[in-house]
Amino acid sequence: MDTESPPATTATFVYEALPGRVVFGPGTARSLVDEVARLEAARVLVVATEGEAPLARELAAPLGERWVASFTEAQQHVPLDVAEAARAAAAEHHADVVLSVGGGSTTGTAKAIALTTGLPILAVPTTYAGSEATPVWGLTEGQRKTTGVDRRVLPTTVVYDPELTVSLPPDLTAVSGLNALAHCVEVFWAAGTNPVSGALAERGIRALADGLPGAVADGADLDARADALLGAWLAGSAFAAAGGGLHHKICHVLGGAYGLPHAATHAIVLPHVLAFNAPAAPAASARIAAALGHDDAVAGLVALAQRVGAPTALRDVGLREDQLDEAADLAAANVPAENPRAATRDDLAALLRTAWQGPPVEVEEGR
Ligand code: NAD
């Protein structure tokens with residue numbers, strides 16, 4: 001199959017390249033001293049969750065006196081009081097760089113510090129969320145999550161060390177990887193879609209499809225872990241420039257209004273949105289299918305999700321049936337104008353009900 005066909009050159013697009021140094025490879029997180037020196041930093045604040053605190057301390061130890069403090073209370077969705085406590089720690093210790101070690105929640109906490117202080121972030125991701133590649137921040141006050149875009153929160157340096165993902169359990173590996181895949185898939189119909197992000201997304205899908213099954217089957221398989229992490233970076237980079245679409249809007253509604261787990265929600269919803277949009281986006285579908293190594297995008301995604309044992313029903317991750325109507329209302333109010341096909345409230349109600357019930361999206365015979 002021809003996977004290299006150029007995108008239509010008649011399309012008008014804007015591409016904003018983002019700066020940033022990326023260091024990639026097994027063992028790279030063991031030499032953060034060099035990266036801190038390159039940033040000309042002398043006072044490092046380490047940010048982590050309680051779970052990743054031992055790892056963060058281990059990685060910071062070689063920094064010696066330059067490691068001045070740790071904030072290990074990072075939490076999902078970056079509650080405002082946590083953000084303020086993290087900012088206070090940075091101010092109290094006169095930090096001149098924030099070293100974040102962890103998943104999207106930790107990176108998000110480091111971003112909250114950078115948003116108000118302008119401090120550079122040295123990010124060491126341990127999941128496939130991809131937040132370290134984007135200038136997007138999020139903060140939660142009560143039940144309300146606010147997000148925004150600000151170049152100050154884009155990490156200055158990112159160190160991708162596949163060895164740090166070896167401890168990610170199979171279930172989190174699967175859903176986090178599919179979260180990354182969602183970034184790639186939506187690039188093709190996002191408002192900011194462009195040929196550069198499309199190329200990154202295709203390569204990202206390929207890397208994730210190559211790496212995830214092996215990383216789930218054997219968490220210590222470093223080749224598989226490296227493929228998956230490369231895919232996560234490419235996914236985050238593609239998403240950073242192009243933005244998200246209907247799928248991200250639906251997941252944002254489900255996470256924000258009902259507190260559903262971020263990555264698992266993405267893993268469950270993605271096949272349904274792809275199945276909905278695919279008939280109206282044949283060129284995107286063909287590219288996604290080819291990158292998945294399959295004849296059909298939806299069938300390829302469902303096969304990958306099944307192979308890695310991803311969850312298939314929103315009811316299994318905390319959504320109640322009596323919340324479906326409201327969720328459809330909220331999703332209907334957030335349909336992006338550029339979605340490849342119109343999505344009515346009834347369409348979204350049907351999509352959400354199917355995703356709530358599971359089982360996986362039905363794939364037509366012979367596709
Ligand atoms: P997370 O950071 O909450 O991590 C999930 C769980 O995995 C946590 O319990 C964590 O302690 C654990 N964990 C992390 N790394 C581990 C490892 N290597 N080994 C074992 N356990 C590990 O979740 P996430 O899915 O990485 O990130 C989700 C958050 O990131 C959400 O709040 C989401 O909104 C945000 N996000 C933001 C962007 C952006 O561009 N701003 C992009 C993607 C995600």
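**Aromatic contacts**

Trainee: How many aromatic pairs are there?
Mentor: The count comes to 2 aromatic pairs, where rings of Phe, Tyr and Trp (its six-membered ring) pair if their centres lie within 6.5 Å; planes under 30 degrees apart are stacked, over 60 edge-to-face and the rest tilted. This is a predicted model, so local features need pLDDT of at least 70 and side-chain atom pairs pLDDT 80 or more, while totals for chains, interfaces and linings use all residues. Residues are numbered from 1 along each chain as its sequence is written, and side-chain values use heavy atoms, with hydrogens and water left out.

Trainee: Why is the F24 and Y160 pair tilted?
Mentor: Their planes are at 40°, with the centres 5.9 Å apart, so the pair counts as tilted.

Trainee: Where do they sit in the chain?
Mentor: F24 is in strand β1 and Y160 in strand β8, 136 residues apart. Strands (E, at least two residues) and helices (H or I, at least four) are DSSP runs, numbered from the N terminus.

Trainee: Y160, buried or exposed?
Mentor: Y160 is buried, at 1% relative accessible area. Buried is under 20%, exposed over 50%, partly exposed in between (1.4 Å probe, protein chains only).

Trainee: And what about Y160 and W233?
Mentor: Those rings have centres 6.0 Å apart and planes at 35°, so that pair is tilted. W233 is in helix α7 and is partly exposed, at 26%.

Trainee: New topic: which charged end sits over F276?
Mentor: That of R341, 3.7 Å from the ring centre. The rule is NZ of Lys or CZ of Arg within 6 Å of the centre and within 35 degrees of the ring normal.
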